[in-house]
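Look at the structure below and follow it one part at a time.

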Amino acid sequence: MSGQATSHAWSSQQGAAALAAPSPAEKRRAFDWRILLGFLLPVAVALLWEAAVRFGLAQGRLVPPPSHIAATLWALAETGELWAHAWATLWRVATGFVLGAAAGIVFGALSGASGTVRHVLDPTLQALRAIPSIAWVPLFILWLGIFEASKVALIAVGVFFPVYLGIAGAILSVDRKLVEVGHVFRLSRIKLAKRILLPAVLPEAVIALRSGLGLGFMFVVAAEFMGASEGLGYLLVDGQQMGKPDQILAAIIAFALLGKVADSLLVALTKPLVRWQDTVRERL
Amino acid sequence: MLQLEHLSKTYADGTRALSDINLSVREGEIVSLIGGSGCGKTTLLRLIAGLDRTSAGAIRLDGEVLSGPHPSVGIVFQEPRLLPWLTVSENIAFGLDHLGAAERKTRVKHALEKIGLSEHAERWPRDLSGGQQQRVAIARAFVTNPKVLLLDEPFSALDAFTRASLHEHLLGLWEETRPTVVLVTHDVQEAVTLADRAVVMQPKPGRIFDELPLTLARPRDKTGLPFESSVRRVLTALDHSLNTLRQQPQRERDRQAAALWW
């Protein structure tokens, strides 16, 4: 039905308009369909495992069935524990991300914009980048104590490098041809930066921020492993020590959801900035 | 009047791209630079636009020496070079920052009508075809009312039909303010369609080989005999420009042979 309707639209005068802007209803249907496809695999695996445990084919003590994990999640949520832990983790990631990303943007912009700064700054930063970030943990604990500051610092370091590299690389790879358009219209350095360089680097900057955020979630786990009394990472350690695999899996699921939500939020916030992009990877 | 005096360009690696170019273009004249690849046509245009520095010589516009991009000189590149994050109308308005909002709006609106893209004003460049994008690029250069407009093979990537329609759009815009136009092309038909004068260039190093006036009345009838004979004249000049190049090493060899003989 809809196929026929579309083909009519094609042959009509509004064919080009239909191509540019598919009707909202059509768009929504295609969208729903793909989301369902994405759920297919995990749901099938979960159902199989649940059935295996129910029918006694597997014990399910070390790998608890989904119903068990769901019950644990529910219990944690009901007592409010889950929210407290999630909030603690989220706060650490957010603070570390803001600090690390801000520093990464500033240093990346300087390094990308000026050759001198790049020659001074980049070798040192690249050398520091080669250090596995976890190696900083003992030092941060000595310097900043075992509470929040050292955790946030570790996350900030993790976020800093991908953002720095992404921004500096993006500025260096701005198309010379577009910069020349700015020269032809005699833009000052500041206007050139504002009207050509900034918009040109935005898509890559968004990608850099997203990978920074991903690393932020990676490092928050490491930070919470090194001694915390709350946070999803603490739930993981606690689950291991108390022999509660269901709690570990519940925390992992919470991490997955939190990471996905944070990433989607970042994408949604930056989408208006890059909606002009001519790419197919928009939905990735 | 645009004057090029003893213009030379040698690149950092020693390549002599242009050597002793002398050319003056009257106000409102359309001059077409034509020649094989590597004869420095684009380099010459970039020098006038102020995007590259001259090695020697001077470029004057109404007596004023040009050094660097000038508000009275506009350029359309081989590619549209639209800014993908600006809509069509924002792209056209890119060089109008110094004007008030109302003036900017009227100029952009008028330009959009002229190039026939009014209904696409708020779309992104990615939604336009190659020919439409190039029309926007031409409009972007025209709205600032430049005295000199430089065109660097702006139609070379387009098919013949689109090219013909763009020629008309270009002449339509030109009629309004009659800027001086320097058009680089390797298409003889295009040169004869648009230009008042064809300047034939020669490579290694780039220099002017010959100048041919094209005095056909406008609008030009592309099927007529005068058009055909003009095309033939330019083609002959182009042929000669390449032949002398081939002859030179020949002559050099003869001289060496003579030296040996004696």
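This is a predicted model: local features need pLDDT of at least 70, side-chain atom pairs count only at pLDDT 80 or more; totals for chains, interfaces and linings use all residues.

Chain A has 12 helices and 0 strands. Read from the N terminus on, its elements run α-α-α-α-α-α-α-α-α-α-α-α. Of the 284 residues in chain A, 27% are buried. Contacts in chain A can also be sorted by how far apart the partners are in sequence. Among contacts between residues at least 6 apart in sequence, 71% join residues at least 24 apart.

The domain assignment divides chain A into domain 1, residues 22-58, and domain 2, residues 66-276. Between the C-alpha centres of these two domains of chain A there is a distance of 30 Å.

Next, turn to a pair of helices in chain A. Helix 11 of chain A covers residues 232-242, and helix 12 of chain A covers residues 245-274. Their axes are 7 Å apart, and the helices pack at an angle of about 160°. Angles over 145 degrees count as roughly antiparallel, so helix 11 of chain A is roughly antiparallel to helix 12 of chain A. Their crossing is left-handed. On the side of helix 11 of chain A, the contact is made by L232(A), L235(A), L236(A), D238(A), G239(A) and Q240(A). On the side of helix 12 of chain A, it is made by P245(A), Q247(A), I248(A), A251(A), A254(A) and F255(A). Sorted by class, the residues of this contact are 8 nonpolar, 3 polar and 1 charged.

Helix 3 of chain B spans residues 101-115, and helix 4 of chain B spans residues 130-142. The axes of these two helices come within 10 Å and cross at roughly 140°. How are helix 3 and helix 4 of chain B oriented to each other? An angle has to be over 145 degrees to count as roughly antiparallel, and helix 3 and helix 4 of chain B are therefore oblique to each other. The crossing of helix 3 of chain B with helix 4 of chain B is right-handed. Here A111(B), K114(B) and I115(B) of helix 3 meet R135(B), I138(B), A139(B) and F142(B) of helix 4. This contact in chain B has 5 nonpolar and 2 charged residues, with no polar ones.

Is a given part of chain B buried or exposed? Helix 1 of chain B, residues 41-49, is largely enclosed by the rest of the structure, because 8 of its 9 residues are buried. The buried residues are K41(B), T43(B), L44(B), L45(B), R46(B), L47(B), I48(B) and A49(B). Just after this helix, G50(B) takes a positive phi of about 85°.

E228(B) gives a contrasting case. This residue lies in helix 7 of chain B, which covers residues 225-261. E228(B) counts as exposed because it has 12 C-beta neighbours inside 10 Å. E228(B) and Q134(B) are 94 residues apart along the chain, and their C-alpha atoms are separated by 28 Å.

Finally, consider where the chains meet. In chain B, 15 residues are in contact with 12 residues of chain A. The side of chain B that touches chain A consists of 10 nonpolar, 1 polar and 4 charged residues.

Definitions and conventions: Residues are numbered from 1 along each chain as its sequence is written. Chains are lettered from A and ligands numbered from 1 in the order in which they are written. Two residues are in contact if their C-beta atoms, placed from the backbone, lie within 7 Å. Ala, Val, Leu, Ile, Met, Phe, Trp, Tyr, Cys and Pro count as nonpolar, Asp, Glu, Lys and Arg as charged, and the others, Gly among them, as polar. A residue is buried if 20 or more other C-beta atoms lie within 10 Å of its own, exposed if 12 or fewer, and partly exposed in between; C-beta atoms are placed from the backbone. Helices (H or I, at least four residues) and strands (E, at least two) are DSSP runs, numbered from the N terminus. Domain bounds come from an automatic or database domain assignment. Axes are lines fitted to C-alpha atoms, for helices over the stretch in contact, and angles run from 0 to 180 degrees between N-to-C directions. Angles under 35 degrees count as roughly parallel, over 145 as roughly antiparallel, 65 to 115 as roughly perpendicular and the rest as oblique. A crossing is left-handed if the near helix is turned anticlockwise from the far one by less than a right angle, and right-handed if clockwise.
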